[in-house]
Amino acid sequence: MAAVRIHPAGALRGTLRVPPDKSLTHRALLLGAVSDGPVRVARPLESADTAATLGAIQSCAVRVDGDLGDEIVIHGVGLRGLRAPGRIDCGNSGTLMRLIMGILVGQRSGTVVLDGDASLSRRPMARVADPLRAAGAAISTAPGGLPPVEVTAGMPLTGTVHDLPVASAQVKSAALLAGLFAEGETVVSEPAPSRDHTERMLSAAGVSLTGEGLTRRLTGPVDGIQLPDLEVPGDFSSAAPFLAAGALIPGSEITLQGVNLNPARAGLLEVMRRMGADVSVASPRRVAGEPCGDIVVRGGAELVAASVEAPEGPSLIDELPLVALLGAHAQGVTVVTGAAELRVKETDRIATTSAALEGIGLRLAARPDGFTVEGPGTITGGRVDAAGDHRLAMLGAVAALASGTGVAIEDFACVAVSYPGFARDLATLGAAA
Ligand code: S3P
């Protein structure tokens with residue numbers, strides 16, 4: 001397919017309601033599916049990733065009325081009521097594959113093979129399979145701990161202490177979900193705070209979760225859960241490209257309405273403030289048990305370099321490619337360390353971000369666990385290969401808007417994994433594709 005060319009923009013101005021949160025939509029679908037009764041979800045995200053999760057629960061004989069993007073009712077079948085299909089195609093979604101493992105291991109019977117696209121087939125699954133096996137689950141992976149993953153339900157599970165080596169919400173969530181079915185106490189500790197949406201939703205669904213700091217505890221087996229009806233707030237990770245573009249382009253003023261500001265997600269705001277960007281939050285409120293608000297970004301401030309170290313990394317893990325671009329524009333050396341997780345995302349995002357910056361006249365020095373970027377440089381324009389990674393497609397678009405001559409983005413269509421209406425929303429702010 002031909003590359004999509006995005007042209008440099010003048011000031012971006014206007015107000016946007018970014019798409020609903022992807023992480024919350026996955027969790028609402030999965031927890032709604034195993035609730036004791038119907039759950040109404042307003043504004044579930046319509047995207048390739050969340051369509052895969054909807055398809056997954058439907059293939060487990062869960063009825064869902066309505067459409068993603070509008071309002072749905074999930075007719076929950078109870079905690080142990082999923083019917084195991086032979087196979088679930090998880091598409092590009094690591095969140096789906098990893099979280100559903102934690103639910104499938106607790107079902108009464110059946111064997112399910114989980115597979116996905118070429119990108120997902122390269123992503124590590126032993127990080128979930130190992131802790132679930134330690135709790136008694138029967139799971140096998142392809143060599144190297146890769147998909148396809150085969151889960152056989154019906155094994156007795158025992159509460160287990162999991163000392164997770166990586167800060168991953170997906171791994172933490174799978175271990176906690178399996179804990180619902182396990183006899184005794186499940187304890188999950190992580191090395192740094194990752195997003196806690198699963199914990200918040202499980203608590204709202206009536207599960208007693210305790211623990212402090214980086215440790216969560218729950219005692220099983222739990223008889224049943226009932227997720228309350230909810231509305232999905234806006235996705236911080238979909239607001240992030242506009243925050244970066246607004247900060248990079250002088251004269252811009254963009255308001256992003258109703259964005260999830262969970263502190264384990266919104267780390268980019270803090271880093272942008274350290275860089276001197278003009279970002280502020282208005283109308284703080286709570287939606288679906290999550291702190292939300294409107295974010296206003298104004299362009300033109302001189303940016304300075306910033307450092308991002310573990311344990312801050314997980315709070316902006318999906319936004320670090322944008323930090324590279326902001327850093328290339330800022331005075332000084334921006335250093336990101338302790339973020340080796342970037343290597344195992346939809347692409348190796350250290351390698352693909354480096355290639356993207358090189359394609360537009362900038363330079364990033366890769367490290368095993370992050371990168372350094374020296375600025376200020378000029379975004380001349382050129383070519384970016386999204387390489388099937390939706391976050392790279394958005395990075396290319398932001399770079400294009402702030403560039404001298406525009407950017408041709410290969411494989412731009414993969415933006416639909418999380419944000420199918422991205423180009424349309426850019427256009428409403430005055431950008432031209
Ligand atoms: C997600 C968690 C993060 C993030 C991903 C979505 C989630 O991955 O990168 O885009 O919804 O739990 P890890 O938990 O593996 O860091």
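Trainee: Which elements do the buried residues of α10 pack against?

Mentor: They pack against α9 (320-329), β20 (364-367), β21 (370-375), β22 (382-385) and α11 (390-401). Contact means heavy atoms within 4.5 Å. This is a predicted model, in which local features need pLDDT of at least 70, side-chain atom pairs count only at pLDDT 80 or more, and totals for chains, interfaces and linings use all residues. Residues are numbered from 1 along each chain as its sequence is written, and side-chain values use heavy atoms, with hydrogens and water left out.

Trainee: How many residues of α10 are buried, and which are they?

Mentor: Seven of the 10 residues in α10 (residues 349-358) are buried, so the helix is mostly covered. They are Arg349, Ile350, Thr352, Thr353, Ser354, Ala356 and Leu357. Buried means under 20% relative accessible area, exposed over 50%, and partly exposed in between (1.4 Å probe, protein chains only).

Trainee: And how many residues of α3 are buried?

Mentor: In α3 (residues 94-104), 11 of the 11 residues are buried, so the rest of the structure largely encloses this helix. Arg98 is one of these buried residues, as are Met97 and Leu99.

Trainee: What about Gln107: buried or exposed?

Mentor: Gln107 counts as buried, because its relative accessibility is 3%. It sits in the loop between α3 and β7 (111-115).

Trainee: Which residues is Gln107 in contact with, leaving aside neighbours within four places in sequence?

Mentor: Gln107 is in contact with Leu79, Arg80, Gly81, Leu82, Ala153, Gly154 and Phe181. Glu183 is 76 residues away from Gln107 along the chain, and their C-alpha atoms are separated by 14 Å.

Trainee: Changing topic, at what angle do α1 and α2 cross?

Mentor: The axes of α1 (residues 22-33) and α2 (residues 48-59) cross at roughly 5 degrees and come within 10 Å. The two helices are therefore roughly parallel to each other. On the α1 side the contact involves Lys22, Thr25, His26, Leu29, Leu30 and Ala33, and on the α2 side Asp49, Thr50, Thr53, Leu54 and Ile57. Axes are lines fitted to C-alpha atoms, for helices over the stretch in contact, with angles running from 0 to 180 degrees between N-to-C directions. Angles under 35 degrees count as roughly parallel, over 145 as roughly antiparallel, 65 to 115 as roughly perpendicular and the rest as oblique.

Trainee: Where are the cis peptide bonds?

Mentor: One runs from Gly220 to Pro221, with omega near 0 degrees; Pro221 is in the loop between β13 (215-220) and β14 (230-231). Another joins Ala310 and Pro311, with omega about 10 degrees, and Pro311 is found in the loop between β18 (307-308) and α9.

Trainee: What is phi of Ala61, and of Asp411?

Mentor: Phi is near 70 degrees for Ala61 and near 60 degrees for Asp411. Most residues other than glycine have a negative phi. Ala61 lies in the loop between α2 and β4 (63-66) and counts as partly exposed at 38% relative accessibility. Asp411 lies in the loop between β23 (407-410) and α12 (422-428), and its relative accessible area of 35% makes it partly exposed.

Trainee: Finally, how many helices and strands does the protein have?

Mentor: The protein has 12 helices and 23 strands. These are DSSP runs numbered from the N terminus: helices are H or I, at least four residues, and strands are E, at least two. Of its 433 residues, 59% count as buried, and the C-alpha trace spans about 60 × 45 × 40 Å along the principal axes.
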